[in-house]
Amino acid sequence: TQLTNLPFEIPTSWTWCRLKDIFILIFSGKTPKYSSVPNSNFVIGQKNNQIYGIDFNFVKYATDDFFRDYPENFFLRDNDVLLNTLGGGTVGRVGLFEDRYSKRVISDGHLFVFRSSYCITQRYMFYWFKTMQKFIEKEAAGTTNQMFLKLTNVSNYLVSLPPLSEQERIVGKIEEAFYIA
């Protein structure tokens with residue numbers, strides 16, 4: 001579909017798109033049946049999605065039955081982008097799930113998960129979400145303490161998308177700047 005009322009001009013090699021058109025999967029985690037006994041059925045939520053990265057110190061555990069019946073496509077995968085959906089001060093916080101431990105992990109209902117298509121790098125979108133955090137916070141509905149995001153609204157956000165090689169170059173420059181700093 002032709003997009004109209006675009007916010008600014010972009011280079012001719014770039015394109016305007018909606019998030020829902022560039023990710024192969026966007027979903028909200030489900031509320032699990034929690035286990036009171038620690039096990040290997042990891043569930044992460046907003047508390048795990050910290051500014052400095054995904055923190056497994058706050059992991060919760062699902063029951064074996066819930067975990068076994070959970071749809072395979074909704075287990076987190078390496079480089080899934082995670083977005084906090086609820087609460088003043090945490091709504092809009094973004095994280096990048098890195099599967100360093102080869103553990104099967106699911107997210108609870110307070111995280112949106114964005115999975116890449118072939119035309120984008122997840123790290124580029126992770127940094128894009130980071131730059132959009134203040135905007136996303138303002139877009140949240142509700143009261144101060146119970147601000148929340150709607151998946152349909154977030155899925156319709158516009159993004160100016162460069163070609164894949166340019167995305168990779170931009171990510172390289174950002175990470176080089178963080179490494180040097």
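How many residues of the lining of the largest pocket are nonpolar, polar and charged? The lining divides into 16 nonpolar, four polar and four charged residues. (Ala, Val, Leu, Ile, Met, Phe, Trp, Tyr, Cys and Pro count as nonpolar, Asp, Glu, Lys and Arg as charged, and the others, Gly among them, as polar.) The model is predicted: local features need pLDDT of at least 70 and side-chain atom pairs pLDDT 80 or more, while totals for chains, interfaces and linings use all residues. Residues are numbered from 1 along each chain as its sequence is written, and side-chain values use heavy atoms, with hydrogens and water left out.

**View 1. Helix H3 (residues 122–131) is largely enclosed by the rest of the structure, because seven of its 10 residues are buried.** Buried means under 20% relative accessible area, exposed over 50%, and partly exposed in between (1.4 Å probe, protein chains only). Among the buried residues are Tyr 124, Phe 126 and Trp 128. Helices (H or I, at least four residues) and strands (E, at least two) are DSSP runs, numbered from the N terminus.

**View 2. The side chains of Glu 72 and Arg 104 meet in a salt bridge (3.0 Å, N to O).** The pair joins distant parts of the chain, 32 residues apart. A salt bridge is a side-chain nitrogen of Lys or Arg within 4 Å of a carboxyl oxygen of Asp or Glu. Glu 72 has 48% relative accessibility and so counts as partly exposed.

**View 3. In helix H6, the side chains of Glu 166 and Arg 169 form a salt bridge (2.9 Å, N to O).** About one helical turn separates these residues, because they lie three residues apart.
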